[in-house]
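Work through the exercises below with the model open. Each task is followed by a solution in steps.

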Amino acid sequence: MDIKILDSWLREFLGTKAKPADLAKYLSLSGPSVERIEKFGADSVYDIEVTTNRIDSTSVYGIAREATAILPRFKVHAKLKRTKTSSSEYKFVKKVSYLNPVVDSKLCPRFCAVLIKNVKIGDSPGLIKTRLESAGVRAINNVVDISNYIMLELGQPVHTFDYDKIKKHKMVLRESKNGESIATLDRKIFKLNGGDIVIEDGDGRLIDLAGVMGGNLSAVDTNTKNVLLFVQTYDPVRIRKTSMGLAQRTMAATIFEKGTDTELVTPAILKGIELFEKLCKGTPEKEVIDIYPFPFKSKKINLNLDFVEKRLGVNISKKDISDFLTSLEFETAWTGNNLTVNVPSFRSRDVLEPEDVVEEIARIYGYHNLPSEVMSGKLTGRSTSLQFTFEEKLKNYLSGWGGVEVYTSSLVAEDYVSQNALRLINPLGTDSEYLRTSLMPSLINAARQNSGTFESFHLFEMSNIYLPKKNDLPEERLMLAGIFEGYKYRNAKGIVEAFLEKLRLNANFEINESKGFAAGKCSSILIGTEKIGYIGFPENSSNVYYEFEVSKLFGLTQKTTVYTEISKYPSQVEDITFTLPEKTMVGKVLEEIRYLQSTINNAELRDIYKNSYTFRISYHDNTKTLTDKEVEQIRNKILQKVKEKFGGQIKG
């Protein structure tokens with residue numbers, strides 16, 4: 001997650017004389033990575049990448065807290081300036097007179113709100129606008145700006161309701177029901193599938209899509225007089241599902257879906273009250289409703305000195321370990337060489353095990369200070385697996401005929417799979433919901449994406465498909481498939497035939513119907529009676545597609561080469577041109593010629609012009625040199641056979 005922070009805003013919480021470049025450098029070595037520093041008027045803006053588990057650092061205050069621990073390790077003084085909000089004049093209570101909330105605490109672990117009366121809507125001061133704009137957030141008005149300002153400064157999303165639009169001043173926080181609809185602030189209407197966190201008012205109207213976006217029915221506008229400032233935490237899994245399912249990716253949802261600190265609610269609402277008094281001249285109620293049935297309890301993690309040193313490979317004193325952890329606001333206590341660590345609330349979601357504590361020690365100690373050694377031992381050689389070598393050979397053969405290997409995703413859309421395909425429980429999107437059951441749709445799509453780039457091309461892929469099995473894991477079947485764009489069928493088929501000849505496989509092609517192929521435009525590829533693959537035209541496509549099951553190729557290919565002694569008698573070779581009726585299967589003609597008698601050594605198609613086909617025929621006898629008369633007799637048999645069986649006429 002990337003955030004932008006203004007240097008002057010950061011220094012409101014961080015006391016240091018470090019220059020922006022040094023601050024960025026040292027932070028990146030031991031904490032959040034500062035990708036770049038940009039000029040913003042006379043100020044500077046840090047563009048910071050925060051890893052997804054460190055949601056506590058996605059704010060100005062969070063970065064200041066990190067810098068306070070990191071900078072002293074580089075001999076740069078740094079001091080954290082705490083937020084100056086006082087709760088002494090406000091009471092946090094479970095019930096208030098101005099609001100009647102009904103809250104499911106499984107959905108919302110902490111629900112906090114306060115009524116602020118007589119607010120004046122207007123523009124925010126220049127400082128607020130500048131800070132928001134530096135972070136890429138558009139200033140709208142003082143009420144909306146306060147919400148965004150708190151989120152950026154403290155990392156806690158807040159929401160504001162027009163209090164007078166909440167019917168009967170009642171709020172029910174619950175799961176949505178399947179089929180319910182809500183109109184959000186951006187005036188979009190969403191139909192909910194159920195299980196989303198929503199808030200309804202006393203008339204049963206949905207006024208908030210919690211954690212994602214507020215509802216239009218309770219929106220603050222220029223006529224708003226009384227505002228309900230609302231600060232809360234939610235079940236992160238539900239927020240994630242709702243945000244992804246509705247394609248509503250707000251910054252608030254991005255933060256909530258990672259799990260926010262329940263203890264951060266108090267300083268956030270106090271900061272909000274302070275800003276509403278200052279910027280909106282509002283009058284807050286002295287009682288703040290706070291429904292917090294299960295307050296945070298610090299987790300204790302136990303480890304020992306030996307555990308730390310073995311994992312880091314260096315000796316670190318107990319005092320240094322305590323100092324490193326204390327600077328990060330962990331509490332530590334030593335009993336001999338045994339260490340007990342109390343995890344602060346803002347790290348309770350990512351520091352769970354002794355190894356996590358060691359990681360914190362390591363990064364403050366400095367990864368660059370850990371010893372580095374080149375690994376010893378022999379380099380691994382190439383795999384000796386026959387299967388692996390065979391797969392590599394297949395790819396090399398196809399590459400030699402101009403094929404380009406592609407890699408497509410195993411996760412595909414519903415349109416790409418057959419019935420009963422396996423669906424992911426929590427897919428990233430509709431285009432990656434299912435485990436594919438065929439390579440055909442992926443390769444057709446790859447060809448479509450590359451169409452127009454070249455006049456013709458040949459793409460191939462070797463990858464698994466996933467065939468469902470009842471009450472079991474799917475069968476992972478390795479397939480080799482390819483697609484020809486801009487090729488004539490005979491040329492494409494010729495490459496496939498040459499590929500099979502390289503494997504020393506004598507294949508037959510039989511017209512067959514197969515799923516995914518156009519009617520009458522698919523051939524099964526057979527070795528004897530065993531089907532090893534298909535070739536043909538996919539439905540609604542002019543491209544030629546082929547596929548093989550790799551395990552069958554591996555099992556059938558000849559592992560050794562058999563050589564035939566070269567005959568001392570020469571062959572006679574001649575070309576014969578036949579005129580054949582339309583739709584004659586030339587492969588069958590060749591087959592009849594080749595197997596007519598043993599002295600026909602070979603027959604192959606050499607040329608085509610309209611309905612005229614030229615065949616090159618080789619005559620040979622291992623016991624003697626054939627005479628012209630003997631060749632003529634064989635030729636006459638060929639002519640008669642082609643005429644009788646196929647209606648072919650000699651030309652020329």
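A pocket here is an open set of grid points, over the protein atoms alone, with protein on both sides within 12 Å along at least five of seven lines. The model is predicted.

**Exercise 1. The largest pocket**

Task: State how much space lies in the largest pocket, and find which element gives the largest share of its lining.

Solution:
- Step 1. The space in the largest pocket comes to about 1,800 Å³.
- Step 2. Its lining consists of 40 residues, and those closest to the centre are Lys493, Glu497, Phe509, Gly587 and Leu590.
- Step 3. Two or more lining residues come from each of helix 14 (489–502), strand 27 (508–511), strand 28 (517–527), helix 16 (586–594) and strand 32 (600–609).
- Step 4. Helix 14 gives the largest share, with nine residues.
- Step 5. Sorted by class, the lining has 17 nonpolar, nine polar and 14 charged residues.

**Exercise 2. The largest cavity**

Task: Determine how many cavities of 30 Å³ or more there are, and which residues line the largest cavity.

Solution:
- Step 1. A cavity is a set of points where a 1.4 Å probe fits but cannot get out. The count is one cavity of 30 Å³ or more.
- Step 2. The largest cavity holds about 40 Å³ of space.
- Step 3. Its lining is formed by Arg54, Asp56, Gly62, Arg65, Glu66, Leu328, Phe346 and Arg347.
- Step 4. Five of these lining residues are charged, two are nonpolar and one is polar.

**Exercise 3. Helix 10 and helix 11**

Task: Classify the crossing of helix 10 and helix 11 from the angle between their axes, and list the residues that make the contact.

Solution:
- Step 1. The axes of helix 10 (residues 318–327) and helix 11 (residues 354–365) come within 9 Å and cross at roughly 95°.
- Step 2. Angles of 65 to 115 degrees count as roughly perpendicular. Helix 10 and helix 11 are therefore roughly perpendicular to each other.
- Step 3. Helix 10 contributes Ile321, Phe324 and Leu325 to the contact, and helix 11 contributes Val357, Glu360, Ile361, Ile364 and Tyr365.
- Step 4. The contact residues comprise seven nonpolar and one charged, with no polar residue.

**Exercise 4. An aromatic pair**

Task: The structure holds 16 aromatic pairs. Classify the pair formed by Phe390 and Phe554.

Solution:
- Step 1. The ring centres of Phe390 and Phe554 are 5.2 Å apart, and the planes are at 65°.
- Step 2. Planes over 60 degrees apart count as edge-to-face, so the pair of Phe390 and Phe554 is edge-to-face.
- Step 3. Phe390 lies in helix 12 (residues 386–400) and Phe554 in helix 15 (residues 550–556), so the pair ties together parts that are 164 residues apart in sequence.

Terms used:
Residues are numbered from 1 along each chain as its sequence is written. This is a predicted model: local features need pLDDT of at least 70, side-chain atom pairs count only at pLDDT 80 or more; totals for chains, interfaces and linings use all residues. Side-chain values use heavy atoms; hydrogens and water are left out. On a 1 Å grid over the protein atoms alone, a cavity is a set of points where a 1.4 Å probe fits but cannot get out, and a pocket is an open set with protein on both sides within 12 Å along at least five of seven lines; lining residues have an atom within 4 Å of a point. Grid points are joined across faces, edges and corners, and a volume is the space filled by probe spheres set on the points. Helices (H or I, at least four residues) and strands (E, at least two) are DSSP runs, numbered from the N terminus. Ala, Val, Leu, Ile, Met, Phe, Trp, Tyr, Cys and Pro count as nonpolar, Asp, Glu, Lys and Arg as charged, and the others, Gly among them, as polar. Axes are lines fitted to C-alpha atoms, for helices over the stretch in contact, and angles run from 0 to 180 degrees between N-to-C directions. Angles under 35 degrees count as roughly parallel, over 145 as roughly antiparallel, 65 to 115 as roughly perpendicular and the rest as oblique. Contact means heavy atoms within 4.5 Å. Rings of Phe, Tyr and Trp (its six-membered ring) pair if their centres lie within 6.5 Å; planes under 30 degrees apart count as stacked, over 60 as edge-to-face and the rest as tilted.
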